[in-house]
Amino acid sequence: MSLVLVAIAAPTPMMRAGLRALLASDGIRVVADAASLVELSMERPDVDVLVATADMVMQDSTYISLGDGTASMPAIVALSEDDRPATVLRQLSLRGWGIISPDAPAAEMQSAVVAAAQGLIVLSLPLVGTLFGPRISSQMLESRSLIEPLTARETEVLELLSQGLSNKLIARHLNISEHTVKFHVSSIYTKLNAASRTDAVSKGTRLGLITL
């Protein structure tokens with residue numbers, strides 16, 4: 001997986017700085033931030049994912065397309081405790097989208113950004129129940145939820161595992177040590193409750209974390 005480029009739209013400098021810190025990882029780079037979607041549209045950053053507060057998504061949806069009119073629209077991750085942004089996000093021609101809590105931990109936020117960049121829809125389980133009904137939410141909780149979301153780097157490692165690469169080749173590809181790769185693989189096994197590489201890839205595919 002290539003580096004995910006992100007722009008942030010949040011009302012205060014403190015919130016934007018906090019989001020930058022939460023998203024900081026090997027697989028994500030924040031290239032722009034602004035106090036509104038209007039300001040971001042003026043900067044016209046070339047990004048994969050836009051992270052914005054729910055109010056901005058609801059009020060300034062006409063400014064979400066940040067390109068020059070020829071490129072596809074970025075994915076959007078809205079920061080919200082409820083499903084209000086879904087009404088807008090469903091109507092836009094987005095690469096992917098998600099709704100997560102503004103208080104989500106760094107690993108969850110990073111995973112949501114990476115997943116949205118890959119064309120997926122990311123929702124917390126309570127929102128799944130609100131949007132699609134309690135039965136689907138219960139089924140996902142039982143069979144499709146993670147003990148803990150994968151980090152952006154773990155998602156990269158899982159993607160390379162799906163390609164059949166050895167730990168040594170993964171280390172070379174990501175420019176990290178083989179010991180670090182083993183650590184990430186062990187963490188992936190734990191989070192996916194997987195017993196082997198094949199099992200991890202199979203479960204990662206079913207969860208939409210990777211595509212084969």
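A contact means heavy atoms within 4.5 Å. Among contacts in the protein chain with a separation of 6 or more, 57% join residues 24 or more positions apart. This is a predicted model, where local features need pLDDT of at least 70 and side-chain atom pairs count only at pLDDT 80 or more, while totals for chains, interfaces and linings use all residues. Residues are numbered from 1 along each chain as its sequence is written, and side-chain values use heavy atoms, with hydrogens and water left out.

**The whole chain**
- The protein chain has 11 helices and 6 strands. Both are DSSP runs, numbered from the N terminus: helices are H or I with at least four residues, strands are E with at least two.
- The chain has 212 residues, and 48% of them count as buried. Buried means under 20% relative accessible area, exposed over 50%, and partly exposed in between (1.4 Å probe, protein chains only).

**Strand S5 and its neighbours**
- Strand S5 spans residues 97–100, and both of its faces are covered. Trp 97 and Ile 99 are buried on one side, Gly 98 and Ile 100 on the other.
- S5 pairs with strand S4 (residues 75–79) in the parallel sense, over 4 bridges. Two strands pair if DSSP finds at least two bridges between them.
- Leu 79 has Ile 100 in S5 as its bridge partner.
- From S4 the chain passes through helix H4 (residues 84–89) to S5, in a right-handed β-α-β crossover. Right-handed means that, with the strands pointing away from the viewer, the path from the first strand over the helix to the second runs clockwise.
- S5 also runs parallel to strand S6 (residues 121–123), joined by 3 bridges. Here Ile 99 has Leu 123 as its bridge partner.
- S5, helix H5 (residues 106–117) and S6 form a left-handed β-α-β unit.

**Helices H8, H10 and H11**
- Helix H11 (residues 197–206) has Ala 200, Val 201, Lys 203 and Gly 204 as its buried residues. They pack against helix H8 (152–162) and helix H10 (178–192).
- The axes of H8 and H10 come within 10 Å and cross at roughly 95°. H8 is therefore roughly perpendicular to H10; that term covers angles of 65 to 115 degrees. Axes are lines fitted to C-alpha atoms, for helices over the stretch in contact, and angles run from 0 to 180 degrees between N-to-C directions.
- Just after H11, Gly 208 has a positive phi of about 80°.

Methods: Angles under 35 degrees count as roughly parallel, over 145 as roughly antiparallel, 65 to 115 as roughly perpendicular and the rest as oblique.
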